[in-house]
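Visitor: Hi, I have not looked at this one before. Could you walk me through it?

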Amino acid sequence: MTDYYSIGLTGRDRVNTAIGGGVPAGSIVLIEGQDGAGKSALTQRFSYGMATEDAYVTYVSTELKSWEFVQQMHSLSYDVVDLLLDEQLLFLHANVDTHDEGRKRQLLARLADAKTLWKADVVFVDTLSSLLRNDPNYESVIDDGDEDHVIQRLVTFLRQMTMKDKSVVLTVDPTSVADDALRPLQNVADIYFQIETSTVGQEIRRKILVRRFQNMKSPVDDSIGFSVQQGRGVSIVSRTVA
């Protein structure tokens, strides 16, 4: 029988219900979206809710430092201080803005070797595309069109983790890496979301296109509208088409 990591906050929003009641243990979750689409807000909501449901969570960010993460989460009314202090949630900043030589820049290798990081039940990497762009192993094969081999090695490692019932949530900006590099991740993902945005007047409308969702606990719609608001966080949006 499949276990599930609840996304929580059922008395506050409808996110857990919209996502089928939780993420199956041992899943690779891929969330695609361009810059500003809402990938980080969505993963922040998932990570916070899972941690409140007693799952041990690691959140790796290539953009935010620890104090910025706490500030960002507070602005969405996801107060993570107690979760961090209780070690229910581990936050790590991945410094990709470095051009140092040697081991320090082997970002994917360092990600895989960070044993403390992988002790969690659910690991979030936001964004994987930033790690790829700044990893010399990936950079060195771009001209040869061999990017997918780097990703295949990553996929092998991720599957080793999911065999231990750990779930891994990866965000990527598809405009920043080659299609061939993303294809192995897209193919192996148990859950594959694409976020699309549109502008209506001054409103930014966001929706999750559910391309794949294996072992869902309860039915999931093919398209899930959501909004991100300061002070409220992520909310599921139901829209009526006239």
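Predicted model: local features only at pLDDT ≥ 70, side-chain atom pairs only at ≥ 80, totals over all residues.

Visitor: OK, how many helices and strands does the protein have?

Guide: The protein has nine helices and eleven strands, where helices (H or I, at least four residues) and strands (E, at least two) are DSSP runs numbered from the N terminus. Its radius of gyration is 17 Å, close to the 18 Å that the globule rule gives for 242 residues, so the protein is as compact as a globular protein of that length. That radius is taken over C-alpha atoms, and the rule is 2.2 Å times the number of residues to the power 0.38.

Visitor: And what share of the residues is buried?

Guide: Buried residues make up 52% of the 242, with buried meaning under 20% relative accessible area, exposed over 50% and partly exposed in between (1.4 Å probe, protein chains only).

Visitor: Which strands pair with S6?

Guide: Strand S4 (residues 57-61) pairs with S6 in the parallel sense over five bridges, and S6 also pairs in the parallel sense with strand S7 (residues 167-172), over four bridges. Two strands count as paired if DSSP finds at least two bridges between them. As examples, Val-60 has Val-125 of S6 as its bridge partner, and Val-123 has Val-168 of S7.

Visitor: Is S6 itself covered or open?

Guide: S6, which spans residues 122-126, is mostly covered, with five of its five residues buried. Val-122, Phe-124 and Asp-126 are buried on one side, and Val-123 and Val-125 are buried on the other.

Visitor: Changing topic, how does S10 pair with its partners?

Guide: Strand S10 (residues 223-229) runs antiparallel to strand S9 (residues 203-213), joined by four bridges, and S10 also pairs in the antiparallel sense with strand S11 (residues 233-237), over five bridges. S10 and S11 form a hairpin with three residues between them, and Gly-231 in that turn has a positive phi of about 85°.

Visitor: Which residues other than glycine have a positive phi?

Guide: Asp-54 is one of them, with phi near 80°, and Ser-77 is another, with phi near 65°. Asp-54 lies in the loop between helix H2 (39-52) and S4, and with a relative accessible area of 60% it is exposed. Ser-77 lies in the loop between helix H3 (66-75) and helix H4 (81-85), and its relative accessible area of 27% makes it partly exposed.

Visitor: Last one, what does Asn-16 touch?

Guide: Not counting residues up to four places away in sequence, Asn-16 touches several residues, among them Ser-6, Thr-10 and Arg-45, where contact means heavy atoms within 4.5 Å. Asn-16 is found in helix H1 (residues 15-18), and at 8% relative accessibility it counts as buried.

Key
Residues numbered from 1 in each chain as written. Heavy atoms only, no water.
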